Amino acid sequence: MASETRASRKKRVPLDRERLLHGAMAIADAEGNSALTMRSLAKELGVKPMAIYHHVANKDEILDGIINMVFAEIDLPPTDTDWKTAMRQHAVSARHVLARHPWAIPLMESRINPGPETLHQHDAVIGTLRRAGFSIEMTAHAYSLLDSYIYGFALQESVSLPFDKETAPEVAESILANSPTDTYPYLAELATEHVLQPGYDYGNEFEYGLDLILNGLDQILHSG
């Protein structure tokens, strides 16, 4: 129904690759990657399914294209500051982008035909680490560690946690109500003294963990 509404609002404009990919992104953002099919995309765009094949060969090509669009939204690490600040800004930007496109998280590193924006992002991150003085081996370690943390945190935020910052107190209170504090004393302590405190936001854990990683990498960089 949502796709019908979106389609009804579109003007009759010629179909091209850019419009096609924006339509695919709209479906994925609204309903998830599993809802993206040639038929649903044709409905979104107000065209016949066969019209899509004039611009892309298959769904994989569409996924390559919209993942490339997601990478394009992530800020490149700036080159006019130190490497830790640059990588921190890049990671924070990536987390915010993935919050807008949670369907993309498991696909970000899976494409065998990555687009130019995807490659540009990877090259910029690697370049930031290499210019900082990391060896090629340590650059690979740092790259993998940062990616794992960013994607893992974004995934946990998007699908695993039963709360957000607005509902965290309510969820924590519900869990405590069904969990005897003498049986789970440390869980109760964390909930009452941290999660249930005013202003608690699980999202703040991201930058704390990110700084631990960056500080650890910095120690390795300067230990040799």
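This is a predicted model: local features need pLDDT of at least 70, side-chain atom pairs count only at pLDDT 80 or more; totals for chains, interfaces and linings use all residues.
The secondary structure of the protein amounts to 11 helices and 0 strands. Read from the N terminus, the order of elements is α-α-α-α-α-α-α-α-α-α-α. The protein has 224 residues, and 41% of them are buried. Contacts were also examined by sequence separation. Of the contacts between residues at least 6 apart in sequence, 72% link residues at least 24 apart.

The packing of helix 6 against helix 7 was then considered. Two packed helices are described by the angle between their axes and by the distance between the axes. Helix 6 spans residues 83-100, and helix 7 spans residues 116-132. Their axes lie 10 Å apart and form an angle of about 160 degrees. Angles over 145 degrees count as roughly antiparallel, and helix 6 and helix 7 are therefore roughly antiparallel to each other. The crossing of the two helices is left-handed.

On the helix 6 side, the contact is made by Trp83, Ala86, Met87 and His90. Helix 7 contributes Gln121, Val125, Thr128, Leu129 and Ala132. By class, this contact of helix 6 with helix 7 comprises 6 nonpolar and 3 polar residues. No charged residues take part in the contact.

Conventions:
Residues are numbered from 1 along each chain as its sequence is written. Side-chain values use heavy atoms; hydrogens and water are left out. Axes are lines fitted to C-alpha atoms, for helices over the stretch in contact, and angles run from 0 to 180 degrees between N-to-C directions. Helices (H or I, at least four residues) and strands (E, at least two) are DSSP runs, numbered from the N terminus. Angles under 35 degrees count as roughly parallel, over 145 as roughly antiparallel, 65 to 115 as roughly perpendicular and the rest as oblique. A crossing is left-handed if the near helix is turned anticlockwise from the far one by less than a right angle, and right-handed if clockwise. Contact means heavy atoms within 4.5 Å. Ala, Val, Leu, Ile, Met, Phe, Trp, Tyr, Cys and Pro count as nonpolar, Asp, Glu, Lys and Arg as charged, and the others, Gly among them, as polar. Buried means under 20% relative accessible area, exposed over 50%, partly exposed in between (1.4 Å probe, protein chains only).
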